[in-house]
Amino acid sequence: SCDASQLCNCSSMGLDFIPPGLTARITVFDLAHNRIKRIQSQDLQQAVNLRALLLQSNKISSIDEDSFQSLEKLELLDLSNNSLAHLSPVWFGHLFSLQHLHLQGNSYRDLGQSSPFSSLRNLSSLHLGNPQFSVIRQGNFEGIELLHKLWIDGSNLSQYEQGSLKSIKEIDHMIINLRNSNIFSKIVRDLLHSVTWLEVIEIKLAVEKKSLVQNSTRPFRIQKLTFKEAFFTDQTISRTIVLLKEITSLKELEAINCVLEGKGIWNTKEIARSGQSFVETITIIKVIIQNFHLFFDLQGMESQINKLKRLTIASSNVFMVPCKLARHFSSLLYLDFHDNLLVNKRLNETICEHSWPSLQTLNLSQNSLKSLEQTAEYTSRLPKLINLDISQNNFDEIPDACEWPKLLKYLNLSSTQIPKVTSCIPRTLEVLDVSGNNLKEFGLELPILKELYLTRNQLKTLPGAAPIPNVVALSVRRNKLNSFSKEEFESFRRMELLDASDNNFICSCEFLSFIHHEAGIAQVLVGWPDKYVCDSPLAVRGAQVGAVHLSLMECHRSLVVPLVCVLVFLIILLLVAVGYKYHMVWYLRMTWAWLQAKRKPKRAPPKDVCYDAFVSYSENDSDWVENTMVRELEQACPPFRLCLHKRDFVPGKWIVDNIIDSIEKSRKTLFVLSEHFVQSEWCKYELDFSHFRLFDENNDAAILVLLEPIQSKAIPKRFCKLRKIMNTKTYLEWPASEEQQQVFWENLKGALKS
């Protein structure tokens, strides 16, 4: 149950006892929400480096006196919500480092006759008390000098010995559940010089006659007093106001979730006679006033409010402030009336001429204001107003022109249902919030605007920078923004923060290129990178924008496709050119014909042989072939039948088929070799066919006649068998002298007959 930092979590495991085998390595031990009933001496003996021990919400009723003796480094001990019937000083005797102690929610009725905390010199926060806790005695807090927080559940506290809390020299914040008003007065007297902020819960104040300060000497320390879930009447609140004036250090009063039973008929004469209040801040939140519509206008309280600087009355059904009373808030700087029932007609009375003369900040959000034009007009009566919040009112429409306070710098119009922005919005603004209004565009000229909030609108692009040149912070979170360009981003020359998170970004190549290469954009974008997610393309939907990298094909599709087409076209063109130059088409067709020929019988049947020889020769040698050789051979006795392409090829038939058929229908193939023959393309094709068909059969059907001397290397290298035959086999050479020509003819005729 322990992690790398030696935090051991054994909570909610149904344990009945502290598990054995603890070591000195453990620093945090969580045993909360189990069924442990007893802590024994040896249970924690080895956990000498324990910093936090959490034992809340068990059933602990018994702790051995030396159970915590070895925990000198313990800083947090939580024993709350158990069944401890008493507290023993011995338990805490060796907890010299303890800072936080939680003892609330047990069953002890008091803290004993002395202090259980006398050895806890470093204690910072102490939580104690329970519904049965009823007695606090002098000496119960001896040994504690300074506390950051003291929380006491004394809802049923019935006995408090005066001076019990005086031993604590300084308390920053004390919270006490208390219903007994007499004990409240005693505690206040004891805390005048020690506590800074006193928070009292569930008190039901009575009409107190005695002074809260009595013989106490100034200066006092208490500065803030908070009442939560308290109950007041007209009589008790009047007397409380008078008594609290005696605490000259008190600057702030709070009332939260309180109930006031009355109509505002306060003893204003007694209040006025008691002198000036020193309170500067009053906060009233969710105060319930029975029959609030019958509540009086607090006439006679004017003298008590002229020094007040901050006033908050929220969620309390306020629907107006009388003009006469409003004019006496002469020092008020901050006024918060959010979540009330103010309407435009009553606002005219609340903000009348010469009312709230020093007011700088006004919050009227979450009321029932309907007219923006009237709201602007009424607030223009506040000559020093700088900040105005009128958000979450349903204005529905916005006029083209409005009259506003001349010094107004901050305006919150968020969630007011305005359909657009117009020149009604003042040019003096430095901060404008128009979030949550379904705006589709923003083009308002605000030359000194520094912060613009456009969250939860329908914007598809960033607003133009030209009308708002001095913007430092811009929020377009949760709009319909798909992307923004480098030009749009850089047009805001003074931009320090841009919140464009939670938009559905189209992760195009241009957008990604800008995001990846723009220096310092991570420091400008709020929520980067977690809140910036791609919505498309589909392949990267849900991925963080900063982590997406598209391929070259995806990024330059419009360029790659034409380039590929051009490349394919060039390759085809190149192949055509090469094929044309080297007659590739011809060779392909020839190969096809040869393959077909290969499937035919190796040698045509005798009845299909029509010629003694097929003669292959160059056109330049046709005179010798046709006038000399043909005459000599075809007029011989017996005559030879020769196949000549000029004479015997079938007209209209493919030349390749003519060549193959002629070779197959001839017993021999007679090649008349010369320099012209080697250079002739047609002769090369005929050699090719003879090479394929005849030499591939390993026979001697070819007769070579050299019309003139020719080197064997002049024959193309691809006709390797023909070259070999010329090198290894005798061939006939046409002689120059007539005497030898007769021998040549005899030899040729013999070769044809063989």
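In the predicted model, three strands form an open sheet in the order E15-E17-E19, with parallel pairing. Strands (E, at least two residues) and helices (H or I, at least four) are DSSP runs numbered from the N terminus, and two strands are taken to pair if DSSP finds at least two bridges between them. Strand E15 (231-233) and strand E19 (288-289) stand at the edges with a single partner strand each, so one side of each is left without a neighbour in the sheet. E15 is joined by 3 bridges to the parallel strand E17 (residues 259-261), and Phe232 stands opposite Leu260 in E17. Helix H2 (residues 234-244) packs on the sheet and touches E15 and E17, its direction making about 95° with that of E15. Such angles run from 0 to 180 degrees between N-to-C directions, the axes being lines fitted to C-alpha atoms, for helices over the stretch in contact.

Residues are numbered from 1 along each chain as its sequence is written. As the model is predicted, local features need pLDDT of at least 70 and side-chain atom pairs count only at pLDDT 80 or more, while totals for chains, interfaces and linings use all residues; side-chain values use heavy atoms, with hydrogens and water left out.

The largest nonpolar core has 160 residues, and those with the most contacts inside it include Phe29, Phe141, Trp356 and Phe484. A nonpolar core is a set of buried Ala, Val, Leu, Ile, Met, Phe, Trp, Tyr and Cys residues joined through side-chain atoms within 4.5 Å; buried means under 20% relative accessible area, exposed over 50%, and partly exposed in between (1.4 Å probe, protein chains only). Helix H1 (residues 181-191) gives the most to this core, with 5 residues. Beyond its neighbours within four places in sequence, Phe484 is in contact (heavy atoms within 4.5 Å) with residues including Leu462, Leu498, Phe511 and Leu525. Apart from this core lies another, of 23 residues, among them Met629, Leu642, Leu670 and Val705.

The largest pocket has a volume of about 1200 Å³. On a 1 Å grid over the protein atoms alone, a pocket is an open set of points with protein on both sides within 12 Å along at least five of seven lines, whereas a cavity is a set where a 1.4 Å probe fits but cannot get out; lining residues have an atom within 4 Å of a point. Grid points are joined across faces, edges and corners, and a volume is the space filled by probe spheres set on the points. Of the 45 residues lining the largest pocket, Trp266, Ile284, Phe295, Leu298 and Ile313 are the closest to its centre. H2 gives the most to this lining, with 4 residues. The structure also holds 4 cavities of 30 Å³ or more. About 80 Å³ of space lies in the largest cavity, to whose lining H1 and H2 each supply at least two residues.

Two cis peptide bonds may be described. The bond from Arg218 to Pro219 is cis, with omega near 5°, and Pro219 is found in the loop between strand E13 (195-201) and strand E14 (224-228). The bond from Cys637 to Pro638 is also cis, with omega near -5°. Asn317, although not a glycine, has a positive phi of about 60°; this residue is partly exposed, with a relative accessible area of 35%. His354 likewise has a positive phi, near 70°, and is exposed, with a relative accessible area of 62%.
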